[in-house]
Amino acid sequence: ISEGANLNFIRKMSLTQDYVYMNSNWLLDKQVSLIDLNLTGRNVGKYARVNSRYYNYEFSRSFTSEDWLSNRDLSFNQSEESVSEEYWNAFRPDSLLHRELAVLEMVDSIQSSKNYKVIDALVLGLTTGYMPLGPIELGKIFNMYSLNTVEGNRFSMGVTTSRKLSRNIRPIIYAAYGTLDKRWKYGAEALWIQKRHPRVEWFVKHSHDINQLGMSGYFNQGNLWNSILSPSTGQSQLALITQSEASVNADFGSGFNSYFGLRHIKIEPQVMSSLLFPTHPSFETSFQIMYQKNIKFIGGTFKRTGLGNRSPRYAFKLTKAWPDVLSSEYNYARYTLAVNWISRHGPLGRISWNIDGGTYSGVAPYTLLELQPANETFMSVSQGFNLMKYMEFVSDTWVKAVVEWHGEGVFFNRIPLLKRLSLREVACLKVVQSFWDTRHQAVLPLPDNTTGLNGAYGELVLGIENIFTFMSVNCHFKIKDPSENYEDRIGVKLGLAIEI
C-alpha cells in the first residue's frame, strides 16, 4: 500500500493464491491473506491472518435452477465453542504448521489471563454497552445516569443474558427512576432467533418510559451523552410512552425480507413537560417488505449487519390503526416507501443516497404523525435536520432526500500540509417537501411550537472528517425554511464516524 494513501488502520496487506490445473480448468487451491492493522499509530495493532483451502471440487455438465437461485450463504451448523479440537484435526485437509500451533497456544494462554479478561470486558462494555458477568451482562453503561427537565437525575440499570446461556434467545430488562418526578420507568424485551439460514426471528417488548418526540440523534433520551451534549435547557417536550409490541421478521426468496408486527401505544403528557394533551391510545398492525439484490450479512450471535453493495435497498411499509381494539381511538393508515444505496466514483469518493416518502389516510393526532426528525444536541446527525427544533414541523404527506458525499481526500490529499493530516471532505444536502392537512388538528390541536409543514425545508452541510480517524467538524446552513425567518440559520457541530 502506498504510504501516501489516505487509509486508516491498515498498514500493510498481502495476498497469496495457489492454483491447480484440474479437469481443463485452473482452480483455486490455497489462499493466504495477511493484514497488518495499526489501531493507535505504531504502538497498538493486530495481525489478521486467514488461511483457506479449497478441495473436493465437483464438476457437472448441468445445474438445476435451485443451484443458481439459492440464496444460502456460508454457514456453520455448530458454533466454534461446541466443536472439539479432535473434530477440527480430523476435518482439516492439511495439518497445522508448528508455528500455527504455537500461535494457538499463545492465544489460549493470553485469553485465560486475568488482565486480558479485564480488558476484554471493558472493550465489550464500551462497544455494546453491557458488562459481562458470566452468563449475564449488566448495562447499558451510558444509560445508568442522565439528566433531563422532567425526571431530574435519572438512574437506570438493566440486565441481559450472554451467548454463554443461550445463542438463540436473548431477554433484556431494565428499570429507571427519576429524582424529580419520583416515578419508576421500566422495560422488558426478548428476541428469539428461530432459524438463521434463512433467518426467522421473533420479538416481543413492553416499555413504560419517557421519551422526546421528534428526536433523531446518536443517543436516545436517557443516555448520559445525550444529557452532556444537549443545551442547558435539555429536552422539554417529553412524554410518557407506554408501548407493547410483538413482531416476526423473516428472510425469503433471494434478497427479500418481510416483517409483521402488532403494537399498542399510549402517549401521556408529563407535569414538568411543556406538552399538554389528552392521553390517546392506539392499536396498530404493520407489514413491511424489503428487497436488496445480492445482499449479504455479517454479524454476531444475536445481531447482524448487511454488507454494503451497490444495489439499492427498497422498503415498503404499511401501518394500520384499528379503532375500538384495546381502547384504540383512531382509524388511520400510514404508507411509506424508502430507497437507499451507496454509489462509488473512484478517486472522486462515494455518495450515500437516502430517499423516503409517505402519506396518511384517515385522521391521527400529531404525536402519531410524521414529526420531521430534529437534532438539538451539539453532535451532527446525518439522518436528522440539525438546525430544526424538536417537534418544529409535522407532516401528513412528505418526500425527503438526504444525499451525502464523502470525498475521501480528493482535494485535501493534493494540499501538502493537509495531506499529512489525512483529512477528508464531506458535503450533504437534506431536503424535505411536505404537505399538511388540517383535518388532523380536529383530533388534537398543534402546540404553539409545532407547525404543519406546507412546502419545503432544507439544510446544506459542509465539513471536514477523519479528524483523529473518528471525528468531524460540520458547518450546517439552513437553505430553505417555510417560515422564512431563518432563525439559527448557521450552526457548527461535531460528528462521530469511524471509517477505513
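What follows is a short chat about backbone geometry in this predicted model.

Colleague: Which residues does the cis peptide bond with Gly-139 involve, and what is its omega?
Modeller: The bond in question links Gly-139 to Lys-140, and its omega comes out at about -10° in the prediction.

Colleague: And where does Lys-140 sit relative to the strands?
Modeller: Lys-140 belongs to the loop that runs between β5, covering 136-139, and β6, covering 145-148.

Colleague: What about His-197, what kind of peptide bond joins that one to Pro-198?
Modeller: That one is a cis peptide bond, with omega of about -10°, and Pro-198 is located in the loop between β9 (184-196) and β10 (199-212).

Colleague: Changing topic to phi, is the value at Asn-23 positive or negative?
Modeller: Asn-23, which is a residue other than glycine, has a positive phi near 55°, and this residue is placed in the loop between β1 (10-22) and β2 (25-40).

Colleague: Why does Asn-23 count as partly exposed?
Modeller: Its relative accessibility is 49%, so Asn-23 counts as partly exposed, given that the exposed class needs over 50%.

Colleague: Then Ser-327, what is phi there, and which strands flank its loop?
Modeller: Phi of Ser-327 is near 65°, again a positive value in a residue other than glycine, and the loop holding Ser-327 lies between β16 (313-321) and β17 (331-344).

Colleague: Is Ser-327 buried or exposed?
Modeller: Ser-327 is exposed, because its relative accessible area is 56% and the cut-off for that class is over 50%.

Methods
Residues numbered from 1 in each chain as written. Predicted model: local features only at pLDDT ≥ 70, side-chain atom pairs only at ≥ 80, totals over all residues. Heavy atoms only, no water. Helix = DSSP H or I, 4+ residues; strand = E, 2+ residues; numbered from the N terminus. Buried < 20%, exposed > 50% of the residue type's maximum accessible area, 1.4 Å probe, protein only.
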